[in-house]
Amino acid sequence: MTVLSKILISLVAFIHIYIVWLEMFAWTTRAKKVFRKVPADMFEKTKQLAGNQGLYNGFLAAGLIWSLLIGDAHWSFNVALFFLTCVFVAGIYGAITVQKTIFYVQSVPAILAIISIHFMK
């Protein structure tokens with residue numbers, strides 16, 4: 001895996017660590033400024049659901065970090081591809097169901113990393 005691939009994977013992982021913090025610990029404060037299309041009265045009501053989503057985003061970040069720590073290049077590629085694809089699909093779903101900017105925040109970095117690991121070996 002190239003240095004660029006590792007940087008892009010790290011970026012996607014960092015984005016998801018931020019999402020973990022946002023959904024698990026700052027849902028009723030900072031998230032209101034990020035998810036402007038969600039009515040303000042819904043944040044307190046959906047705090048537990050957002051926390052659960054945050055946990056899943058944490059699993060995505062953990063998987064991406066794990067892919068960077070695997071010594072075998074073949075397995076590192078496969079694990080990175082799996083988790084990046086999950087992020088890409090989640091970003092598309094989030095863009096369709098919640099807010100279009102989710103596509104740019106999640107899916108675009110993920111597809112750039114996927115392209116990087118495929119074509120910059």
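Author: Let's start with a term: a salt bridge is a side-chain nitrogen of Lys or Arg within 4 Å of a carboxyl oxygen of Asp or Glu. This is a predicted model, where local features need pLDDT of at least 70 and side-chain atom pairs count only at pLDDT 80 or more, while totals for chains, interfaces and linings use all residues. Residues are numbered from 1 along each chain as its sequence is written, and side-chain values use heavy atoms, with hydrogens and water left out.

Reader: On to the inside. Which residues touch the most other members of the largest nonpolar core?

Author: The general idea is that in soluble globular proteins, nonpolar side chains tend to be buried together. A nonpolar core here is a set of buried Ala, Val, Leu, Ile, Met, Phe, Trp, Tyr and Cys residues joined through side-chain atoms within 4.5 Å. The largest one has 17 residues, and Ile 9, Leu 64, Leu 84, Val 87 and Ile 117 touch the most other members.

Reader: And which helices each supply at least two residues of this core?

Author: Helices are DSSP runs (H or I, at least four residues; strands are E, at least two), numbered from the N terminus. The suppliers are α1 (3–25), α4 (47–69), α5 (73–97) and α6 (101–119). The largest share, six residues, comes from α5. A separate core of seven residues includes Trp 27, Ala 31, Phe 35 and Ile 102.

Reader: What does Leu 84 touch?

Author: Contact means heavy atoms within 4.5 Å. Leaving out residues up to four places away in sequence, Leu 84 touches Ile 9, Val 12, Leu 64, Ala 110, Ala 113, Ile 114 and Ile 117.

Reader: Is Gln 106 buried or exposed?

Author: Gln 106 is buried, at 10% relative accessible area, and sits in helix α6.

Reader: How many aromatic pairs does the structure hold?

Author: Six. A pair of aromatic rings is described by the distance of the centres and the angle of the planes. Rings of Phe, Tyr and Trp (its six-membered ring) pair if their centres lie within 6.5 Å; planes under 30 degrees apart are stacked, over 60 edge-to-face, and the rest tilted. Trp 27 and Phe 43 are a tilted pair, with 5.0 Å centre to centre and 50° between the planes. Trp 27 lies in the loop between α1 and α2 (31–34) and Phe 43 in helix α3 (residues 42–45), so the pair ties together parts 16 residues apart in sequence. Both are buried. The rings of Tyr 56 and Phe 59 have planes at 90° and centres 6.0 Å apart, so that pair is edge-to-face.

Reader: Which residues form a nonpolar patch on the surface?

Author: Patches are made of residues with over 30% relative accessible area and no salt bridge: like charges are joined within 9 Å, nonpolar side chains (Val, Leu, Ile, Met, Phe, Trp, Tyr) within 5 Å. Areas come from the Shrake-Rupley method with a 1.4 Å probe, and for residues only the protein chains shown count as cover. Tyr 18, Trp 21, Met 24, Phe 25, Leu 55, Tyr 56 and Phe 59 make up this patch, with about 750 Å² of accessible area together. α1 gives the most, with four residues.

Technical notes
Buried < 20%, exposed > 50% of the residue type's maximum accessible area, 1.4 Å probe, protein only.
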